[in-house]
Structure formats: C-alpha cells, structure tokens
Amino acid sequence: MASWWRAFPRAARRYPWATNVLLYAGLFSAGDALQQRLRGGPADWRQTRRVATLALTFHGNFNYMWLRLLERALPGRAPRTVLAKVLCDQTVGGPIALSAFYVGMSILQEQDDIFLDLKQKFWNTYKSELCVFFMYLYSILTRLSFIPEWSDVLAFCAAD
C-alpha cells in the first residue's frame with residue numbers, strides 16, 4: 001500500500017489526464033455507492049455503473065479540461081486568483097456539469113424525456129451547491145492555494 005502512495009504522484013505528473021479522469025470516476029462512483037448505503041436500501045450497482053460511465057465519459061474529462069482552462073486564464077495560487085477561479089467554476093462550470101449530469105443520467109436510464117430531471121432538480125441542486133460553497137469557502141480557498149496543480153480535479157471532486 002505504501003508503494004502505491006509513492007507511485008501515485010509520479011503517475012499523476014506523467015499521465016495527468018488519465019489519472020485525474022480515473023480518480024474522478026472512482027470518487028464519483030464511490031460517492032454514489034456510499035449514498036445508497038446511507039439511505040439503507042439495497043445496493044443498485046446498475047445505478048453506480050451509470051454514474052461511473054458518466055464520470056468517465058464526461059465529468060472527469062470536462063473537469064480536467066475546464067480546470068486547465070481556468071489555470072491558463074487565471075494563473076497562480078494567490079488567494080485572490082483562487083477565489084476568481086472558484087467563482088468562475090461555480091457560475092460557469094458548475095451549471096454545465098450539473099446539467100450534463102441530469103441529462104446524461106436520463107439518457108443512460110433510457111427515460112423518454114431526457115430533460116425532465118434537469119427541469120425538476122436543477123435549481124434546488126444548484127442552490128444547495130452554492131450554500132455548501134459559501135459555507136466552506138475558506139476551506140476551499142486554503143486547499144486550492146496549497147495543493148499541487150496535478151491534483152486539481154481531485155480537490156474539485158472532493159468539493160463536489
């Protein structure tokens with residue numbers, strides 16, 4: 001196990017895209033499985049597989065590219081710069097990712113109206129996300145000011 005922890009940063013620096021996408025998909029899927037477990041019902045592995053598929057095909061890739069774009073547009077780790085990045089993420093990236101999640105899950109669930117969940121759940125989910133964002137703003141700023149750039153997707157996935 002200890003050797004895995006030493007190898008991970010090297011792999012992340014050498015293959016940042018693949019490492020971040022796979023890590024995001026793993027965390028996203030684990031979050032879905034944990035949520036099911038906490039609700040007390042039986043595990044729905046088809047649901048977790050759909051979440052993993054969406055994370056691998058869209059969310060991991062989107063977040064990796066989006067964060068690279070933010071880093072190029074707003075370079076640096078100063079608190080003011082990090083705050084600007086986080087605000088951009090919450091106002092632009094967040095709604096895109098949230099919309100893609102609801103539409104993507106509807107497609108994978110083969111629903112007739114793929115926009116129904118988006119219409120019904122988007123605003124409540126987005127408002128909840130903003131509340132969490134403002135509650136943990138100091139923690140987010142601190143974390144993003146000090147973590148290495150190769151693990152940005154991990155930090156944003158943990159914040160989601």
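Let's start with a cysteine: cysteine 88 has a relative accessibility of 29%, so it counts as partly exposed, since that class lies between the 20% and 50% cut-offs. Cysteine 131 gets the label of partly exposed too, with a relative accessible area of 48%. As for bonds between sulfurs, a search through the whole structure turns up zero disulfides. In general, a disulfide is a covalent bond joining the sulfur atoms of two cysteines.

Keep in mind that what you have on screen is a predicted model. Stepping back to the overall fold, the protein chain holds seven helices and zero strands. Read from the N terminus, its elements go α-α-α-α-α-α-α. The chain has 160 residues, and 38% of them count as buried. Its accessible surface is about 10100 Å², with 65% of that belonging to carbon and sulfur atoms. What about contacts across the sequence? If you take the contacts between residues at least 6 apart in sequence, 61% of them join residues at least 24 apart.

Now zoom in on one helix pair. Two packed helices are described by the angle between their axes and by the distance between those axes. For helix H2 (residues 16–39) and helix H3 (residues 45–73), the angle is about 145° and the axes are 8 Å apart. The crossing of H2 and H3 is right-handed. Who makes the contact? On the H2 side, the residues include Pro16, Trp17, Val21, Tyr24, Phe28 and Asp32. H3 contributes, among others, Trp45, Val51, Ala55, Leu56, His59 and Asn61. Sorted by class, the contact of H2 with H3 has 14 nonpolar, nine polar and one charged residues. Asp32 is among the H2 residues in the contact, and Asp belongs to the charged class.

Is asparagine 61 buried or exposed? With a relative accessible area of 19%, asparagine 61 is buried, because buried means under 20%. Which residues does asparagine 61 touch, leaving aside its neighbours within four places in sequence? They are Trp17, Val21, Ala55 and Leu56. Trp17 and Val21 are on the H2 side of the helix contact, while Ala55 and Leu56 are on the H3 side. There is also a distance you can check yourself: the C-alpha atoms of asparagine 61 and tyrosine 24 are separated by 9.0 Å, although the two residues are 37 residues apart along the chain.

Definitions and conventions:
Residues are numbered from 1 along each chain as its sequence is written. This is a predicted model: local features need pLDDT of at least 70, side-chain atom pairs count only at pLDDT 80 or more; totals for chains, interfaces and linings use all residues. Side-chain values use heavy atoms; hydrogens and water are left out. Helices (H or I, at least four residues) and strands (E, at least two) are DSSP runs, numbered from the N terminus. Buried means under 20% relative accessible area, exposed over 50%, partly exposed in between (1.4 Å probe, protein chains only). Contact means heavy atoms within 4.5 Å. Accessible areas come from the Shrake-Rupley method with a 1.4 Å probe; for residues, only the protein chains shown count as cover. Axes are lines fitted to C-alpha atoms, for helices over the stretch in contact, and angles run from 0 to 180 degrees between N-to-C directions. A crossing is left-handed if the near helix is turned anticlockwise from the far one by less than a right angle, and right-handed if clockwise. A disulfide is a pair of cysteine sulfur atoms within 2.5 Å.
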